[in-house]
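Have a look at the model first.

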Amino acid sequence: MPQVSGDAHRALTVGELSERSGVSPSALHFYERNGLISAYRTPGNQRRYARETLRRVAFIKTSQRVGLPLKDIREALESLPNGRTPTKRDWTRLSLRWRKELDERIAALEHLRNDLDGCIGCGCLSLKSCTLQNPSDELGATGAGAQRWTTPA
């Protein structure tokens, strides 16, 4: 929880944080409920956010834009000492950790794109030649008849 300083006038309301960050108030409340950002309450019970929260929200938005789930973003933010705001050095360290996962996702998407034209997309009309669900008739090696299969990882 951010400390209320003598400079409480520097804190942001949810509306101000929303306007400055481009994130809706409901999304900010969601982030708060899920431990991604925090606020303190004024004596009148109104939420106030430290200005540093803008950087945390930018970090969250950027992380989401590259496809990271909120669980991973929360873990990254929790790894920072004393719940501090991420720095450029933090982003570099964390992005290196995420690079392998993103490379795997990119490879899977490229595979999907490249094999999509060979897919009938029907669920499937050609189990022997479906390049997405049964490449090289891999399921044929497990025996004849109906097969229970999952989406390739």
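Buried means under 20% relative accessible area, exposed over 50%, and partly exposed in between (1.4 Å probe, protein chains only). This is a predicted model, where local features need pLDDT of at least 70 and side-chain atom pairs count only at pLDDT 80 or more, while totals for chains, interfaces and linings use all residues. Residues are numbered from 1 along each chain as its sequence is written, and side-chain values use heavy atoms, with hydrogens and water left out.

**Salt bridges**
- The whole structure has seven salt bridges (a side-chain nitrogen of Lys or Arg within 4 Å of a carboxyl oxygen of Asp or Glu).
- Arg84 pairs with Asp90, with the closest N and O atoms 2.4 Å apart; Arg84 is partly exposed at 32%, whereas Asp90 is buried at 4%.
- Elsewhere, shared partners join Lys71, Asp72 and Glu75 into one salt-bridge network.
- Within that trio, Glu75 and Lys71 meet at 3.6 Å, N to O, and both sit in helix H4 (residues 70-78), four residues apart.
- Helices (H or I, at least four residues) and strands (E, at least two) are DSSP runs, numbered from the N terminus.
- Arg47 bridges to Glu32 at 2.9 Å between the closest N and O atoms, and this pair links strand E2 (residues 47-48) to helix H2 (residues 25-33).

**Burial**
- Ser18, in helix H1 (residues 14-21), counts as buried because its relative accessibility is 14%.

**Surface**
- Leu109 belongs to helix H5 (residues 88-115) and is exposed at 56% relative accessibility.
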